[in-house]
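Hi,

Here is the structure I promised to pass on. Have a look first, and my notes follow below.

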Amino acid sequence: MSFLKVSGSKIIDGNGVETMLYGAVWFQIREALEEVLGKEDSDFFFDKLFGVEFNEPQFLEHFFAEPDALFFKSLGLNCIRIAVGYRHFEDDMNPRVLRPDAFKHLDRVISICSAHSIYTIIDMHTAPGGQSGGWHADAGTHLANFWVHKDFQDRLIWIWTQIAAHYRDNPWVAGYNVLNEPADPHPQHSRVISFYDRAHEAIRAVDGSHIIFLDGNTFATDFSHFPNDAGTRWSNTAYSIHDYSTYGFPASPEPYTRSEEQKDRMKKTYKRKRSWMDEKGLCVWNGEWGPVYARKEYDGEETEKINEQRYMVLEDQLAIYKADRLSWSIWLYKDIGFQGMVYVSRSTPYMVKFRDFLAKKHRLAADAWGEDDRAVKHIYTPIAQLIKDSVSDPSKLNLYPPLWHIDKRVTRISRTILVAEFLVKEWAEAFRGMDREALDVLARSFSFSNCHKREGLNAVLEAHAGH
């Protein structure tokens, strides 16, 4: 078994044969529960959910296990991007000391995947201080403090040396996605470039074999200030775009009808993201993309109509990628019914217990991702208008990142941070008084046998995967 590597604009195997990576991402949450249950029972729940054996060698781990890998492989998919956070490897109060359980989740999943000839890419989804102000950076703020404190950067460099040393001999690990969706506000991207220089040097000092995947700045969309000598400066490196189409979300400017104008807009947006790599003859990987889907409990009779439009977006994006022989990883493999290839059944203990809470969270648009804010938009619009009316120089309204216009910035801070901060406490409180047997029953809701397959999505992926 040989390592995959980058050759020009392609990923190849040890025999020089081009290898296309088609796959998905899985992601996890963890906070607040410890305050309610205490550390031991909180760890028990998440470890049961995401897979630790607790002296039960026969135990079938819930979130990703053998049946998940079998199903994934059956679609012709061959690569999973595993989102991890820096807190899996160190504690904020004990930095640069490797947690004793640092690799237990990763080792188990990578082992399962390799047994079924599925590659994995390790994605550092959260960095100390937050590499962006996005919810997924897990920093609890809209400010990307990773870029203004060198110690945060030093800690992540140290973590990557630990990961690279641990997996340097494992060829089923396709590579290391060094930093998910960085958002360095420096106008020349100087800090993200400097960090990539340091990360490349540190990883290569212990691992010369694995591919390094580097996201573009501003949420993996902008390479305009990346160095001209990248092809020689960073060895065995691919460059990651994230290609979400606005037509795949509730905020779409219009229903997607497959008009030539819509398809042209979608293609131009994608081509713009990868233009720098194409100019330099470098390897492109689409690390995230994919529509979200309507749910009957929220979208009623419009659900099927909306989802058919979303499947058309999916198909048309894949047609563009196929023409470019682009490797991709769709967001995401498993969730509770918004975007996943498989999703937890509404009748499971977890979904029954949290049905009302999830409905409230949806109504309040407390999630930043794919939110539908129709029920609360009238509350936040006046705040945005107050800011616009109060700033005399309109140019001063253009803050970084440019994707967050005034209305988006207001809702990011006041709704998906402030309001959500209180909702997290409510979610955790629902676990109070549950013993370990009850926690295990709840965690089992996420096992493959308790999930539904999103057949429309999976059929499209299978048709475009590498059978």
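Two strands count as paired here if DSSP finds at least two bridges between them, and helices (H or I, at least four residues) and strands (E, at least two) are DSSP runs numbered from the N terminus. Before the details, please note that this is a predicted model, where local features need pLDDT of at least 70, side-chain atom pairs count only at pLDDT 80 or more, and totals for chains, interfaces and linings use all residues. Residues are numbered from 1 along each chain as its sequence is written, and side-chain values use heavy atoms, with hydrogens and water left out.

Let me start with strand 7. Four bridges join strand 7 to strand 8 (residues 237-242), and the two run parallel; in this pairing Phe213 stands opposite Ala238 of strand 8. Strand 7 also pairs in the parallel sense with strand 6 (residues 173-177), over three bridges, and there Tyr176 is the residue opposite Ile212. Between strand 6 and strand 7 the chain passes through helix 6 (residues 190-206) in a right-handed β-α-β crossover, where right-handed means that, with the strands pointing away from the viewer, the path from the first strand over the helix to the second runs clockwise.

Strand 7 (residues 211-215) is mostly covered, with five of its five residues buried (under 20% relative accessible area with a 1.4 Å probe, protein chains only; exposed is over 50% and partly exposed in between). In a regular strand the side chains alternate between the two faces of the sheet. Here Ile211, Phe213 and Asp215 point one way, and Ile212 and Leu214 the other.

There is also an open sheet of three strands in the order 11-12-13, with mixed pairing. Its edge strands, each pairing on one side only, are strand 11 (334-335) and strand 13 (451-453). Strand 11 runs parallel to strand 12 (residues 342-344), joined by two bridges, and Asp335 stands opposite Tyr343.

Now the packing. A nonpolar core is a set of buried Ala, Val, Leu, Ile, Met, Phe, Trp, Tyr and Cys residues joined through side-chain atoms within 4.5 Å. The largest one has 102 residues, and Val178 and Phe195 are among those with the most contacts inside it. Helix 5 (residues 150-167) gives the most to this core, with eight residues. A second, separate core of 14 residues includes Val6, Ala174, Ala238 and Cys283. Taking contact as heavy atoms within 4.5 Å, and leaving aside neighbours within four places in sequence, Val178 touches residues including Trp160, Phe195, Ile212 and Leu214.

On aromatics, rings of Phe, Tyr and Trp (its six-membered ring) pair if their centres lie within 6.5 Å; planes under 30 degrees apart are stacked, over 60 edge-to-face, and the rest tilted. That gives 38 aromatic pairs. In one of them, the rings of Tyr293 and Tyr311 have centres 5.3 Å apart and planes at 40°, so the pair is tilted. Both tyrosines, Tyr293 and Tyr311, are buried. A cluster linked by ring pairs includes Phe146, Trp147, Phe195 and Trp276.

Lastly, Asp243 lies in the loop between strand 8 and helix 9 (260-280). Is Asp243 buried or exposed? Asp243 is buried, with a relative accessible area of 3%. Setting aside neighbours within four places in sequence, its contacts include Lys273, Glu288 and Tyr321.

Happy looking!
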